[in-house]
Amino acid sequence: MTEITLANLMSPVAPTWCPGCGNFSILTALKQALVELGLKMEEVVLVFGIGCSGNTADFIKGYGFHALHGRGLANAIGIKLANHRQKVIMIGGDGDIYGEGLNHLVAACRGNHDLTALVFNNHRYSLTTGQTSPTSAKGTVSKSTPQGLIEDPIGALSIAVSNGAGFVARAYAGKLKQMVDLIKAGILYEGFSLIDVQQPCPSFNKEQDYAWYQANVFDLPADYDANNRGQALVTLLDQDKLGLGVLYRNDQHVAYHKEVPCLQNASLIEQFPKKTDLSKALVEFV
Ligand SMILES: Cc1ncc(C[n+]2csc(CCOP(=O)(O)OP(=O)(O)O)c2C)c(N)n1
Ligand code: SF4
């Protein structure tokens, strides 16, 4: 087994993100969290969506899978059930996870599947040059909404809390230490953890720049009770001011794989033969 160190996580490919992109600090936080958790490279699977966020696949070294847009969580659930001993982290954008992949987010929440979704939430489909995404503010003018967005933004974190996610947190790319701590807590949580990272995209979201975030994020107060589901939902109804920290956690909620009888003594891959002779199955094709 190989220790996770910053050197071992270093990819030979340098990030191609725009100058000032919030993704740089999210990548730094993810690496730092993995190092601080003292895990081994072989114990972690990174699953990536498609987008500027998903391009993180090229900029970090590790075991992983680059999924289709919107399908990262479906793959992550499958990977977890194949070998539930591994920590599985899915990395994608708000368009990927709250838009095209929303049904898979709900499935991950309802099952409380033991994996972490790290959402790089820049409120745009940025790789495809800045169309509005499900988290864009009402009235947003973009290439896809030249006359201003009519819809309200999605309440993605409320959907997660109300559908069974055991751990829901919000971080901000401008607060590195807090991001590291939240990512670590999410990975350690035994169940589904959703970490929504508010991420400035200087190229396609000029409205929500670093100054906007400084004025609109706040740390949840010390007396905030993350175990109180009702309080979490009320807090999340305010979509203008963004509370940072653990919004909700439920340590009584049992993770999906713990309720599957055939996974109690061994993982699926331990139960399958290492080598399978497929020649008989293929004979009709030769
Ligand atoms: C199934 C499918 N639909 C659409 C696309 C086109 N596409 C690629 S990246 C992207 C936008 C990604 O936006 P988001 O998930 O928010 O990530 P960001 O680029 O903002 O990090 C889209 C629509 C695709 N590759 N596959
Ligand atoms: S388009 Fe936005 S999200 Fe994508 S790399 Fe550039 S600044 Fe970052």
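## A surface patch

At 46% relative accessibility, Leu282 counts as partly exposed. Buried means under 20% relative accessible area, exposed over 50%, and partly exposed in between, with a 1.4 Å probe and protein chains only. Leu282 sits in helix α12, residues 279-282. Helices (H or I, at least four residues) and strands (E, at least two) are DSSP runs, numbered from the N terminus.

Together, Leu278, Leu282 and Phe285 make a nonpolar surface patch of about 350 Å².

## About the model

This is a predicted model, where local features need pLDDT of at least 70, side-chain atom pairs count only at pLDDT 80 or more, and totals for chains, interfaces and linings use all residues. Residues are numbered from 1 along each chain as its sequence is written, chains are lettered from A and ligands numbered from 1 in the order in which they are written, and side-chain values use heavy atoms, with hydrogens and water left out.

## Around ligand 1

Ligand 1 is surrounded by 16 residues. The closest are Cys52, Ser53, Gly95, Asp96 and Glu100.

Backbone atoms take part. A backbone N or O atom of Gly95 is 2.9 Å from an oxygen atom of ligand 1. For Asp96, a backbone N or O atom is 2.8 Å from an oxygen atom of the ligand. Asn122 brings a polar side-chain atom, 3.0 Å from an oxygen atom of ligand 1. On its own, ligand 1 has 590 Å² of accessible area, and the protein covers 74% of this.

## Two positive phi angles

His123 is not a glycine, yet its phi is positive, near 65°. His123 lies in the loop between β4 (116-121) and β5 (124-125). At 8% relative accessibility, His123 is buried.

Thr129 is not a glycine either, and its phi is about 75°. Its place is the loop between β5 and β6 (131-132). Thr129 is partly exposed, at 32% relative accessible area.

## Aromatic pairs

The structure holds five aromatic pairs. Rings of Phe, Tyr and Trp (its six-membered ring) pair if their centres lie within 6.5 Å; planes under 30 degrees apart count as stacked, over 60 as edge-to-face and the rest as tilted. The rings of Trp17 and Phe59 have centres 4.9 Å apart and planes at 85°, so this pair is edge-to-face. Trp17 is in the loop between α1 (6-9) and α2 (23-36), while Phe59 is in helix α3 (residues 56-59), 42 residues apart. Both residues, Trp17 and Phe59, are buried.

Phe167 and Tyr189 have ring centres 5.8 Å apart and planes at 35°, so their pair is tilted.

Terms used
Patches are made of residues with over 30% relative accessible area and no salt bridge: like charges are joined within 9 Å, nonpolar side chains (Val, Leu, Ile, Met, Phe, Trp, Tyr) within 5 Å. Accessible areas come from the Shrake-Rupley method with a 1.4 Å probe; for residues, only the protein chains shown count as cover. A salt bridge is a side-chain nitrogen of Lys or Arg within 4 Å of a carboxyl oxygen of Asp or Glu. A residue is near a molecule or strand if one of its heavy atoms lies within 4 Å of it. A polar contact is a pair of N or O atoms within 3.5 Å; within protein, one must be able to donate a hydrogen and the other to accept it, and residues adjacent in sequence count only if both atoms are side-chain atoms.
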